[in-house]
Amino acid sequence: MTLSCRHLLGIKDLTANDIAVILQTAQQFKEVLQRPIKKVPSLRDVTIVNLFFENSTRTRISFELAEKRLSADTINFTASGSSVSKGETLLDTVNNILSMKVDMVVMRHSASGAPHFLAKHIPAAIINAGDGINEHPTQALLDAFSISEKLGKLEGTKVAIIGDILHSRVAQSNIHLLKKMGAEIIICGPPTLIPKYIQEAFDVRVEYNLRKALEWCDVANVLRIQLERQNQVLFSSLREYNLAYGISKKLLNSLSKPITIMHPGPINRGVELDSDVADSDQSIILQQVENGVAVRMAVLYLLANRQS
Amino acid sequence: MKSLLNSQQIGLTIKRLANQILENHTPLSNTAIIGIQPRGIALSDRVVKEIAAETGTAVPFYGKLDITFYRDDLRSAIHLPSNVDMPFSIEGKKVVLIDDVLYTGRTIRAALDALMDFGRPAKVELLVLIDRRYSRQLPIQPNYTGKSIDSIISQKVKVLWQQKDGTDEVVLLDEI
């Protein structure tokens, strides 16, 4: 009936039961968000700091809204404009904030494992909002929530994860989650953007042909090409990537059945997704964003209660 | 273990409670009947059915309220929420809240907070099957009571329902 962990560092550490509890609780918070008064007093006495050492629009706003809808007090911290630029270490920064009596930490950091490091050294509950190329657990949870909302179930659902797998924490969290919940997965993308041992490591199928992957799947989760993390040339040009792996309306219409299109955002329009696909009624990209608030409320609610 | 109400007595009590609501709320066009999740629902389902049988028409406003997010003991235990089903506005309506057992009064306190998030009712009344008087921690009293009992804190009142537990019965358990 409760979560098996004190922090949400990654989907890797969760059990299938944990995931089911979070998704079920999120369902109730989604109902709260449709009321005229979209707020409950559950976390009235909890203070949460949002530590964003890396840029974010959706995740930061979504966490902040989730916290406010739960009546928690929130503090926002962004690395730019802080004492990080004066050379303060991560642990010092966090310990200084915690000494002002903060109960929970939501953190995004460009270094993989940063929240795991913090979890070893500080008493507060930590929620990973994305760490480097490791995990982005709340994104995978909201993706799963959106899939089961659209298709009615996760188990047995065929999901194609397409694009820049190599640099994607979203892909890794999604693979962990979908496997734990019994969905089928195909990884698709150019060979240079797919980690060499992924097939053995995760026991997933790899497909280099986009059309074959789309023909097979019920849901295509299309990932962003992360140019900021690429320090070498992995494909010749964005135009060439679009020609081989971009999803166009023409390609979508030529498939034997309609599939659902997802994207964690921000979209590179005209690269991984054409505009008319992103805005089509097969796309649930904006529903994903909407569900994100309910899912994050569930995570905050369940972890805040683990503290006493 | 001591039996407080048997199946036949529960049936008669529910019939009486339904009639008492009708006495004060006819016509039902401005009254909302709201069961409290999870344990109040079996009772509210029966009361609503009884009212419908008596009047010959379905109860116009019947909702289900979950109070988990409004509890005052969130720090001490995890409670998982149940479904909320409030397909109407309660603004200006007379509300009858229904729960199986009234004990400390804390559930009803939370229910009142939860209710106000759905609008401003004209009036709120409380119906319970069992009233454990002398156990109250808050100034809350029922308007309609199935049976009042005297019990001590170490005892537990359990309401069993046909659909879930195979029989309708209210029992008093002595916890060791």
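Mentor: The description below begins with the helix packing and then turns to the chain contact and the loops.

The model is a predicted one, in which local features need pLDDT of at least 70 and side-chain atom pairs count only at pLDDT 80 or more, while totals for chains, interfaces and linings use all residues. Residues are numbered from 1 along each chain as its sequence is written, and chains are lettered from A and ligands numbered from 1 in the order in which they are written.

In chain A, helix 2 (residues 58–69) and helix 12 (residues 285–304) have axes that come within 8 Å and cross at roughly 55 degrees. Helices (H or I, at least four residues) and strands (E, at least two) are DSSP runs numbered from the N terminus; axes are lines fitted to C-alpha atoms, for helices over the stretch in contact, and angles run from 0 to 180 degrees between N-to-C directions. Helix 2 of chain A and helix 12 of chain A are therefore oblique to each other, a term for what remains once angles under 35 degrees are counted as roughly parallel, over 145 as roughly antiparallel and 65 to 115 as roughly perpendicular. Helix 2 of chain A contributes Arg58(A), Ser62(A), Phe63(A), Leu65(A), Ala66(A), Glu67(A) and Arg69(A) to the contact, and helix 12 of chain A contributes Val289(A), Gly292(A), Val293(A), Arg296(A), Met297(A) and Leu300(A); contact requires C-beta atoms, placed from the backbone, within 7 Å. By class, seven of these residues are nonpolar, two polar and four charged (Ala, Val, Leu, Ile, Met, Phe, Trp, Tyr, Cys and Pro are nonpolar, Asp, Glu, Lys and Arg charged, and the others, Gly among them, polar).

Chain B holds another helix pair: the axes of helix 1 (residues 7–25) and helix 2 (residues 41–55) of chain B come within 9 Å and cross at roughly 65 degrees. This crossing, too, is right-handed. Among the residues that meet there are Ile14(B) and Leu17(B) of helix 1 of chain B, and Val47(B) and Ile51(B) of helix 2 of chain B. The contact divides into seven nonpolar, two polar and four charged residues.

Between the chains, 14 residues of chain A are in contact with 13 residues of chain B. Helix 1 (residues 16–33) of chain A supplies the largest share of the chain A side, four residues. That side has six nonpolar, six polar and two charged residues.

The loops hold two cis peptide bonds to note. One joins Gly265(A) and Pro266(A), with omega about -10 degrees, and Pro266(A) is in the loop between strand 9 (260–262) and helix 11 (275–278) of chain A. Another joins Gln37(B) and Pro38(B), with omega about -10 degrees; Pro38(B) is in the loop between strand 2 (31–36) and helix 2 of chain B.

Asp203(A), although not a glycine, has a positive phi of about 55 degrees. Asp203(A) is in the loop between helix 7 (198–202) and strand 7 (205–207) of chain A.

Conventions. Two residues are in contact if their C-beta atoms, placed from the backbone, lie within 7 Å. A crossing is left-handed if the near helix is turned anticlockwise from the far one by less than a right angle, and right-handed if clockwise.
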